[in-house]
Amino acid sequence: MATCFGWDLGGVNLKLTRVEDGQVVSVAQIPCPALAEPRKFDLAAEEALALIGDSDAGHAVTMTGELSDVFASRYEGVAYLVALMRKSVGDGARFYSLDGFVDAHGAVTGWQDVASANWHASAALAAAVDDSGLLVDVGTTTTDLIPFKQGHPCAVGRTDGDRLTEGELIYRGVVRTPVMAVAGRAPFNGRMQGLAAERFATMADVYRLTGQLPEDADPFPSADNRGKDLEESAARLARMLGRDAEDADIVAWRALAHFLARRLLDQIEADARAVIERDGLNPDAPIVGAGCGRFLAAALADRLGCPYRDFADLTPCADEAREMVARCAPAAAVAQLA
């Protein structure tokens, strides 16, 4: 039986998939401890290795964790994570590069093409199934908009900085993003008012109130380290307006949440339309949704009048693994591509 493990070493989550004979059979998502030091990656890797047990299977690795501020530079981050994987699974680990898989030495010497290349792996798998389309991966922190045509990703940007310039990366997601990053003003009691430029609430609070956030998508502490029920989420949103939750009923706070949710979708739509027009994608090219916030990808497809495909439909997987395959698309992709 041919077995391969796919690793996506993120700054807030480590994602691990197991592929057997071309089918994803299991997926795990392990939060990285909130430590201001590289050791947080070691702890997450140790937890992942406990799930694997003794195995001589292959290991395919991609990453975004090198961007974590526990590293002085992205090069330092790549070197650290490559060394961690060599220590964890041996010299057989293969690292995903924009130009194909490389060994540990190639990953460090060609670190620019390995750093945060996980988006490319997901798009490469999508392009192997659909001839053209737009991959929309909405995660806890970021949104990737990756066009593919003629069976290949055709993103203009190669680095995070370039992709931010090209509108192919939006540094906003459905969990950790502070509300202040999405809107500076919002309606309350029939008038527009300013929002506090402070991390009083996150988009997880917004999507809990709209009812769209999966229950297990937010393993992180809330902005005020309090609970995560609807009333507590509403209280954090109220603080963004300089108010208390008692100043309005839950219906008003839900309305505010829906307004903020529309603002993020508006931003994603504007960049998606620009990318689609730039690359001349056909109107019937699908939107491929991935990530825990892929409900926004489905809403985008509806706005654009495009067909929608779930990432889990692109790769054979066990029924019980479908949801996590879509959430952990890069980890599933690198294992399949390897």
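Visitor: What is the relative accessible area of Tyr-80?

Guide: This is a predicted model, where local features need pLDDT of at least 70 and side-chain atom pairs count only at pLDDT 80 or more, while totals for chains, interfaces and linings use all residues. Residues are numbered from 1 along each chain as its sequence is written, and side-chain values use heavy atoms, with hydrogens and water left out. On the accessibility scale, buried means under 20% relative accessible area, exposed over 50%, and partly exposed in between (1.4 Å probe, protein chains only). Tyr-80 is partly exposed, and its relative accessible area is 28%.

Visitor: Okay, and how many aromatic pairs are there?

Guide: Rings of Phe, Tyr and Trp (its six-membered ring) pair if their centres lie within 6.5 Å; planes under 30 degrees apart make a pair stacked, over 60 edge-to-face, and the rest tilted. Go by that rule, and the number of aromatic pairs is six.

Visitor: Which kind of pair do Phe-71 and Tyr-80 form?

Guide: Their ring centres sit 5.5 Å from each other, with 50° between the planes. Phe-71 is buried at 7% relative accessible area. With those planes, the Phe-71 and Tyr-80 pair counts as tilted.

Visitor: Why is the pair of Tyr-96 and Phe-101 edge-to-face?

Guide: Tyr-96 is buried, at 6% relative accessibility, whereas Phe-101 is partly exposed at 21%. The two ring centres are 5.3 Å apart, and the pair is edge-to-face because the planes stand at 85°.

Visitor: Which residue lies over the face of Phe-259?

Guide: A charge sits over a ring if NZ of Lys or CZ of Arg is within 6 Å of the ring centre and within 35 degrees of the ring normal. Over Phe-220 you'll find Arg-176, at 5.9 Å from the ring centre. Over Phe-259, at 4.7 Å from the ring centre, lies Arg-263.

Visitor: On to strands: how many residues of β8 are buried?

Guide: Helices (H or I, at least four residues) and strands (E, at least two) are DSSP runs, numbered from the N terminus. β8 covers residues 143-149, seven in total, and is largely enclosed by the rest of the structure because the buried ones number six.

Visitor: Which residue in the turn of the β8-β9 hairpin has a positive phi?

Guide: β9 (residues 152-153) pairs with β8 in the antiparallel sense over two bridges, with Phe-148 partnered by Pro-153. Two residues separate the strands in this hairpin, and the one with a positive phi, about 50°, is Gln-150.

Visitor: Which are the edge strands of the six-strand sheet?

Guide: The sheet is open, with mixed pairing and the order β3-β2-β1-β4-β5-β6. Two of its strands pair on one side only, β3 (23-31) and β6 (100-102).

Visitor: Last one: at what angle do helices α8 and α9 pack?

Guide: Axes are lines fitted to C-alpha atoms, for helices over the stretch in contact, and angles run from 0 to 180 degrees between N-to-C directions. The axes of α8 (residues 250-279) and α9 (residues 295-304) are 10 Å apart, and the angle is about 60°.

Note on methods. Two strands pair if DSSP finds at least two bridges between them.
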